[in-house]
Amino acid sequence: MNTAKKNIVLLVLLIVQVALIAFLYRPGQKVTPSAANIFPSLAFEKVTAMTITDDQGKTITLAKKDGVWLLSQGEFPVDTTKIEELIKKFSDSKSSRLVSQTAASHARLKVGDTDFNRKVELTEGDVKTVFYLGTAPSAKSIHLRLAEAKEVYQIDDLSAWQVQTDKESWWQARYFSQSIETLTGLTLVNTKGTIELIKEGDKEWRLKEKPESTLDSKRIEKLLASAGEISVASYQAKDFTSPKGKPVATITYQTKDGAPTLQIWAKDKPEDQDLLVKASQVVFYAKVKEYGVKELMEVSAESLIIAQPVAGDAASAKTDTGAVAPAASADPGVPAIPAPVTTPPDK
């Protein structure tokens, strides 16, 4: 075939392709729809409960009670932000990456009715939505299948570690929080004694018993930070009401709206790393890490004061030029012997 004939054939093929494209996209034809939401009506505000079951059969339920999210097992307070973020990830899931449409693949992808990595049940009033999370194609994606459906989708920005069944992953880590700005005073009683701080103006702190003392601002800042934010290591059961012995430290926070307190107990055993605490505004006793409250247990009023130089000490014996003044005679009645003066010999 000569060159002219080849060019004619290529031209015909090009015309056919253009005609085919024009036919497929002619006016009135349906455009391929964009990926739809797998959970089109799911919204955090509507969800009243979430139950998660792992591949070992362990189950955890988070539910609203009187408008507050709680861990059903023990009714511990939970981190609402974590729940909201997870449900939003579910609601943003798209059907754009279809992996399988056969029931035979469900067990292999770990999204089967009885063979799964996670089973999730969301409750919205009387409506329950059940789905399964399976294998992970990557660190930031996972396979998902709705119950009673054959289709399996790959969902991005979601991992199994975000859907845990242990209570520690969900409960509220911030046990007690008191804004420093709202404090008018703070009283701390520990084994070193009593510290009573009062605020003058907006930021100036003074010791009530020694208002003239100059306080170490960094030490005060550290103390207030330790007292203002208490993070939990674990919660005690709701019926726990009998701590051993008396508290070794008690903090009272003076505010315009009241005076909440925080009590700290000593460790049960020397090798323990956690200490028992109870805030007056929290229903539960809790355990906190020792390092988190160590400052509150060891600080003393004297350690907050900046030591002033004592008149006549060695440091103040220097002259204005930096030279050290002559030492005084041991006997004030005997004049000091001047140092001998050496005169060079005459030449």
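Trainee: Which residue lies over the face of F44?

Mentor: In this predicted model, K64 lies over the face of F44, at 5.9 Å from the ring centre.

Trainee: And how many aromatic pairs does a search of the whole structure find?

Mentor: The search finds 13 aromatic pairs. In one of them, the rings of F44 and W69 have their centres 6.2 Å apart and their planes at 20 degrees, so this pair is stacked. The pair links distant parts of the chain, with F44 in the loop between α1 (3-24) and β1 (49-54) and W69 in strand β3 (residues 68-71), 25 residues apart.

Trainee: Is F44 buried or exposed?

Mentor: F44 counts as buried because its relative accessibility is 15%, under the 20% cut-off, and W69 is buried as well, with a relative accessible area of 4%.

Trainee: What about F90 and F131, how are their planes placed?

Mentor: F90 and F131 form an edge-to-face pair, 4.9 Å centre to centre with 75 degrees between the planes. This pair also links distant parts of the chain, joining F90 in helix α2 (residues 80-91) to F131 in strand β7 (residues 127-133), 41 residues apart, and both F90 and F131 are buried.

Trainee: Which residues do ring pairs link into a cluster?

Mentor: The cluster consists of F76, W171, Y175, Y235 and F284, linked by ring pairs.

Trainee: Changing topic, where is A233, and what is it in contact with?

Mentor: A233 is in the loop between β14 (229-231) and β15 (234-235), and, leaving aside neighbours within four places in sequence, A233 is in contact with W171, D274, K287, V288 and K289. At 27% relative accessibility, A233 counts as partly exposed.

Technical notes: Residues numbered from 1 in each chain as written. Predicted model: local features only at pLDDT ≥ 70, side-chain atom pairs only at ≥ 80, totals over all residues. Heavy atoms only, no water. Helix = DSSP H or I, 4+ residues; strand = E, 2+ residues; numbered from the N terminus. Buried < 20%, exposed > 50% of the residue type's maximum accessible area, 1.4 Å probe, protein only. Contact = heavy atoms within 4.5 Å. Phe/Tyr/Trp six-rings, centres within 6.5 Å; stacked < 30°, edge-to-face > 60°. Lys NZ or Arg CZ within 6 Å of the ring centre and 35° of its normal.
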